[in-house]
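Q: Could we go through this protein together, one piece at a time? I would like to understand how its parts are arranged.

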Amino acid sequence: MATEQVTLPAPEEQVSPAVAEDVKTQVAAEETAAEEPVIEPTTEESQAAPVDFAEEEVALAAQQAGLELDEETAEEAAERVEVADDEFAGKSKQELLDYFALQLEEKPIQTLRRTVEQLKVAFYRIRRAEVEAARRQHIEEGGTEENFAAPVDEAEVRLKELFKEYRQRRDAYIASLDEEKEANLKIKLQIIEELKELVSSDETLNHTFTKFRELQTRWKETGLVPQANVKDLWETYNLHVEHFYSFIKINKELRDLDLKKNYEQKVALCEQAEALMMEPSIVEAFHKLQKLHDEWRETGPVPTEFKESLWERFKAASSRINKQHQEHFETLKAEQVKNLELKSELCAATEALSNEPFTTRKEWNRASDRLLEIQKTWKSIGFAPKKDNNRIYERFRAACDKFFELKRAYYAGFKSEMEQNLQLKLELCEAAESLQMSEAWKETTDELIALQARWKEVGAVSRRHSDQVWKRFRAACDKFFERKAAHFSSVDSEHEQNLQAKLALLAEMEAADIKAGGYEAIRDFQRRWGEIGFVPIKQKDKIQKRYKATVDKLFETLRGSERDRQMGRFKEKISAMRGGERRMISEREKLYNKVKQLEQEIATLENNIGFFSKSKNAESLVADVKANIERLKQQMQDAIEKVKLIDSQAE
């Protein structure tokens, strides 16, 4: 917890009546950070916008509920009825069930696949929201995540019953299709046999051709056969049709008319196949092409000169559509494989996060932010291959769940720690309250500073107690400092009077003729200054600096006049030595030696400054040495002037 110590004032300093205001701001910020919500999109509120995994959860729930279907059959694709994405938006679960039941009753089973898929998604989107709400309520009421069990939903039971009915009817439909295809195969094989018999028939031409037309009509009206038999069956049928045309000697006009009709039909089929290149949906174009191929096979022969060119044209268009279809799914498959790789990397990153030994709230919150970014990245990646899609999502969800379970466990322990912190802060409140009426200003200030330091060391408490306990602690501190401020405010006027007295004394010092009073006058000024009490704290440094400068100037003036007197006396001494050459030489020698001695002392002191700068009291020591150096330099200069004076007398 962050708080601010109150600096103990000088006796004349007025103390602020309250603990620094920003303490509360810092306290609130830290305690808010301590209780920020867990960023868990699946189970708890998140400080940031949670990532929505509703669609993945719906798909997983449907799979776990057993509501998955086999691959779409060609017949279902042919009779597919598309459903808008928002077809079931806003509908309740009961409305969805009623709609499902009505569709099963009224619509062909092979047209319902898309409807069932969309309805299932809409239902489990609602169901998932209900389960999450029930889980939150369970936890809010004191339950644990591990003990939560989703309540049984009668609507979900009914959905599974309807889905089971749909699947049974669909399976029956597919089984009946297989049986029907086998029956159709037998019928078409019989038609081929009858075609063979027509070639050797003794019937009249008109009767034979009429029979041939009947066989063609029966062939077209007969439905699909097993896919494995389609190619051979069609080639055999087409071969015997061509044998019929070439073997029997039918009327050329009638034969040409039939070939022309077939030619026109196949040209139309070529045009339709070529038009499919403009179809927006590659998958839809492919399905439509299959129907065109069925029609092509059912259409009879064309004139020989057009047979190969027509087929090449139709085959070329088919090849382009097939190539587009193949490239589309290869691209889609490659993208899905890449998506699987990317999602596997995100799983590994999430698993690594869930295995990190985080020990502080800051670390957990940073990790939560990182996981939220991973989840957003996951949502931006498309589907993995169908066989892997739910599996990779289950792995990712398991890693996320593990991370948030560990974070919940950490915060559960942290909650206990906050309870202990509350007790410690209550004890600090009691200690502060016991000091609030004290008049031992210095000692109590020190004790309150120590209490504030301990408050800072104690961790966060829960938000519901944070403001209350802080206000209590602050109120006790404020009480003492307000009383202390009131006490010191009584001396403010005295401080102002002292300031005016010191200003007057400074004016007197600055105007004084110090040469007349000498050092005794300076000592008297210093005594009088010391007898005046404290001044307002804001003026303290300024007036003290002015006082020091004034005293220094007085001393400098006095020392200057003293030096002049000394030089005057020395001149008189030299004048008295006129004619005594030996005495003047001796005096000059003494002064010269003194100059040399002073030079050495100055050099030694200047050299020692570098050593003194490394000591604890460096600043004061260096200042003393520099002052000593200046004194010695002045002495040396005086000695040099005296030597010059002797030399001038000698001349």
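The conversation below looks at several helices and some of their residues.

Q: What kind of model is this?
A: It is a predicted model.

Q: Let us begin with H4 and H5. How do their axes cross?
A: Helix H4 covers residues 93-106 and helix H5 covers residues 113-140; their axes come within 10 Å and cross at roughly 160°. Because angles over 145 degrees count as roughly antiparallel, H4 is roughly antiparallel to H5.

Q: And what is the handedness of that crossing?
A: H4 passes H5 in a left-handed crossing.

Q: Which residues meet there?
A: From H4, Lys93, Leu96, Leu97, Tyr99, Phe100 and Gln103 take part. They meet Thr115, Val116, Leu119, Ala122, Phe123, Ile126 and Glu130 of H5.

Q: How far apart are the ends of H5?
A: Its end C-alpha atoms are 41 Å apart. With 28 residues at 1.5 Å a residue, H5 should span 40 Å, so the two values agree.

Q: What follows H5?
A: H5 is followed by Gly142, whose phi is positive, near 105°.

Q: Now for H17. How does its span compare with that of a straight helix?
A: H17, residues 514-531, falls short: its end C-alpha atoms are only 21 Å apart, whereas a straight helix of 18 residues would reach 26 Å at 1.5 Å a residue.

Q: Where is the kink in H17 centred?
A: The kink is centred on Glu520 and is about 65°.

Q: Which residues of H17 are buried?
A: Ile514, Gly518, Ile522, Phe525 and Trp529 are buried in H17. In general, an α-helix has 3.6 residues a turn, so residues three or four places apart point the same way.

Q: Changing topic, is Asn262 buried or exposed?
A: Asn262, which is found in helix H9 (residues 252-275), counts as buried because its relative accessibility is 5%, and buried means under 20%.

Q: What is Asn262 in contact with?
A: Leaving aside neighbours within four places in sequence, Asn262 is in contact with Tyr245, Thr299, Gly300, Pro301 and Val302.

Q: Finally, where is Tyr393 found?
A: Tyr393 is found in helix H13, residues 386-435. Tyr393 is buried, with a relative accessible area of 4%. The C-alpha atoms of Tyr393 and Leu340 are separated by 10.0 Å, and these two residues are 53 residues apart along the chain.

How values were computed:
Residues numbered from 1 in each chain as written. Predicted model: local features only at pLDDT ≥ 70, side-chain atom pairs only at ≥ 80, totals over all residues. Heavy atoms only, no water. Helix = DSSP H or I, 4+ residues; strand = E, 2+ residues; numbered from the N terminus. Expected span 1.5 Å × (residues − 1). Bend = angle between axes of the 7 residues up to and from the residue. Buried < 20%, exposed > 50% of the residue type's maximum accessible area, 1.4 Å probe, protein only. Axes fitted to C-alpha atoms, helices over the stretch in contact; angles between N-to-C directions. Parallel < 35°, antiparallel > 145°, perpendicular 65-115°, else oblique. Left-handed = near helix turned anticlockwise from the far one by under 90°. Contact = heavy atoms within 4.5 Å.
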